[in-house]
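Hi,

Here is the structure I promised to pass on. Have a look at it first, and my notes follow below.

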Amino acid sequence: MPLASDRASLAAFPIDWGGLAPLRLKSRAVAEGVYAGMHRSVRKGAGVEFGGQRPYVPGDDLRFFDRRALLRHDRLMVREFETETDRALWLCVDATASMSYRGRRAPGAKLAYAALIAAAMARVALATGDPVGLAWLGGAGTHGLPAMAGREAFERIVGALEATSAAQDWSGDAGAVERALAPIAKKARRGAVVLLISDLIDLAHESGAAPSGADRALSAFTSLSTGGRTLIALQVLDPSEAALDFEGNVRLRALEGGAVVEADAGAVRAQYQARLAALAEGWSRALASRGGRLLRATSADPPTDVVRALVQAIAEVRR
């Protein structure tokens, strides 16, 4: 259960950055501490075929600027090319209300930590010349971005991450995750990496259902593996949320779903942690069966270590 003090529910929670800002500087520092590339670039060489045109967006490689389209139609267009595999990195960041939580031992909210990891991963991918796209689960003020490369791509991704607030309760909406992932299913081609950064809590669970491999959110995400995409999920929990490190009688309210629990923390800690472990095990088994991987972290873990582990996981599942 995402935890919160007993207070009135807010429609949106601005990102509590704490010590994780400024994002541009922090993410660059994290990326510089990580291996400089996830794989060798395949953007050049044989097997490249013309794949159509699309409107120009800032950050696109000017080598592919279509001058004829400008002269004939007075429109800024770029040419797209299809290769045997698409090396784009698609970032899917959970910004539902539960991601706003920050306990006493965390340097920032879960959403702030997720944004830092996402920005650092974008920096690593863009350094190899690979395009990066951005999609959201929930949130307010969110701005999705198509997969793009170039100097401006990092700034646009960071800007979108900084402008978001945690919002929306998806605990009772069984189709929310499917709708949110639809753009990735449509745009990401064979070989693309889809990285989900989420606490994995209350994502479209049916009322009363225990977290398991049959969960609708898990099914929606694993369905993206069709077409040769690589799926990686990073579960981010607050340290207090992961350990339930409260003492004595506590009153906890979920940020999604509205459940209120009053209990002795020590008496229920083992059962609580067992349910979290079952949730992670379900995701881990399902992703492994599709060639993917689940990684787990808390928002107090060194971000460089987490990004390095993600880069390694992507390299291993692609072998």
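Let's start with a pairing: D94 has L137 in β5 as its bridge partner. Strand β4 (residues 89-94) and β5 run parallel and are joined by six bridges; two strands count as paired if DSSP finds at least two bridges between them. Helices (H or I, at least four residues) and strands (E, at least two) are DSSP runs, numbered from the N terminus.

Before going on, some housekeeping: this is a predicted model, where local features need pLDDT of at least 70, side-chain atom pairs count only at pLDDT 80 or more, and totals for chains, interfaces and linings use all residues. Residues are numbered from 1 along each chain as its sequence is written, and side-chain values use heavy atoms, with hydrogens and water left out.

Back to β5 (residues 132-137): six of its six residues are buried. Buried means under 20% relative accessible area, exposed over 50%, and partly exposed in between (1.4 Å probe, protein chains only). V132, L134 and W136 cover one side of that count, with G133, A135 and L137 on the other, and both faces of β5 are covered.

Now for the other end of the scale. S289 sits in helix α8 (residues 265-289), and it counts as exposed because its relative accessibility is 58%. Which residue has its C-alpha atom 9.4 Å from that of S289? That is T222, 67 residues apart from S289 along the chain.

R72, in helix α2, is exposed too, at 65% relative accessibility.

Cheers
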